[in-house]
Amino acid sequence: MPAGGPGTGGTEAKATVHRRTEDGGTPLHLAFSCHVYDEADRFLLTRRALGKAAFPGVWTNGFCGHPGPGESPAEAVLRRAPQELGVEVSDVVEVLPDFRYRAADASGMEEHEICPVFRARMHGDPAPERDEVAEWCWVEPADLAAALAAVPRAFSPWLVEQWQQGAFDPR
C-alpha cells in the first residue's frame, strides 16, 4: 500500500518508505492510528505480529495504516479495519487531527508520520490477521492509562504519546 505525504513525493511503496535510521531514516509521510472501543467502552489493545518490519511484538492501539492515493485517513480507517482486525468499525471520530511522531525500534527501523488519530466502535470481538496482530485483549481505559504511566516502554511510542496528548480523554 502506498504511503503518501510530505517527503515522499506523494506516494511511495510502504515496503520502501519505512527505513532504518542507519539508512537515512524514514521520510515524513501520512498515516493514521485508530483506537477501537467495544460496547462496554473497553479499549482494544493489540500486540503487533512478530513478523512486522517496525516494532514487532509491541503492544499498541487497535490498528494503524496508510491512506491510499486519493483516500482520506478516515476512509483508510474504514478500509483497513476489516483487513487487519477481520471486522468493520463504526462511529469513526477524529480525536487528534494534528498528531505526528518520530520513533525508532530496537533494530533502528523508524516511523516518522503525520498520523491523525481516530476513535471507532467495534461490535463483537476482532478476528485479526495473524501477520498483523499476534494477540489482543479488551482493557478498561483507566487500567491502560495506569499501565502507560507505570511502564511506557511496554507499549508503542505512538500510543504513549497519543495518551499524553489526550486521545483517551472523554469526548
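The model is predicted, so local features need pLDDT of at least 70 and side-chain atom pairs count only at pLDDT 80 or more, while totals for chains, interfaces and linings use all residues. Residues are numbered from 1 along each chain as its sequence is written, and side-chain values use heavy atoms, with hydrogens and water left out.

Helices (H or I, at least four residues) and strands (E, at least two) are DSSP runs, numbered from the N terminus. Two strands pair if DSSP finds at least two bridges between them. An open sheet of 3 strands runs in the order β1-β8-β7, and its pairing is mixed. The edges are β1 (29-30) and β7 (100-104); each has a single partner strand, so one side of each is left without a neighbour in the sheet. Between β7 and β8 (residues 110-114) the pairing is antiparallel, over 5 bridges. Y101 has E113 in β8 as its bridge partner.

Strand β3 (residues 43-48) contains R47. R47 counts as partly exposed, because its relative accessibility is 21%. Contact means heavy atoms within 4.5 Å. When neighbours within four places in sequence are left aside, R47 is in contact with G57, V58 and W59, and also with E132, V133, A134 and E135. F155 is 108 residues away from R47 along the chain, yet their C-alpha atoms are separated by 9.0 Å.

Helix α3 (residues 141-150) has L144, A145 and L148 among its buried residues. They cover an arc of only 100 degrees around the axis, which puts them on the same side of α3; the arc is that of the directions from the helix axis to the C-beta atoms. An α-helix has 3.6 residues a turn, so residues three or four places apart point the same way. The buried residues of α3 pack against β3, β10 (133-139) and α4 (157-164). On the face turned away from the buried side, α3 carries the exposed residues A142, D143, A149 and A150.

The loop between α3 and α4 holds S156. S156 is buried, because its relative accessible area is 0%. A polar atom of the S156 side chain lies 3.1 Å from the backbone nitrogen of L159. Apart from neighbours within four places in sequence, S156 is in contact with V58, W59 and T60.

Rings of Phe, Tyr and Trp (its six-membered ring) pair if their centres lie within 6.5 Å; planes under 30 degrees apart count as stacked, over 60 as edge-to-face and the rest as tilted. The structure holds 7 aromatic pairs. One of them joins F55 and W158 edge-to-face, at 5.2 Å centre to centre and with 90 degrees between the planes. F55 lies in the loop between β3 and β4 (59-60) and W158 in helix α4, so this pair ties together parts that are 103 residues apart in sequence. F55 is buried at 6% relative accessibility, and W158 is buried with a relative accessible area of 1%. Another edge-to-face pair is W136 and W138, at 6.4 Å centre to centre and 75 degrees between the planes. W136 is partly exposed at 30% relative accessibility, whereas W138 counts as buried at 14%. F55 and W158 also belong to one aromatic cluster with F99 and Y101.

Terms used: Buried means under 20% relative accessible area, exposed over 50%, partly exposed in between (1.4 Å probe, protein chains only). A polar contact is a pair of N or O atoms within 3.5 Å; within protein, one must be able to donate a hydrogen and the other to accept it, and residues adjacent in sequence count only if both atoms are side-chain atoms.
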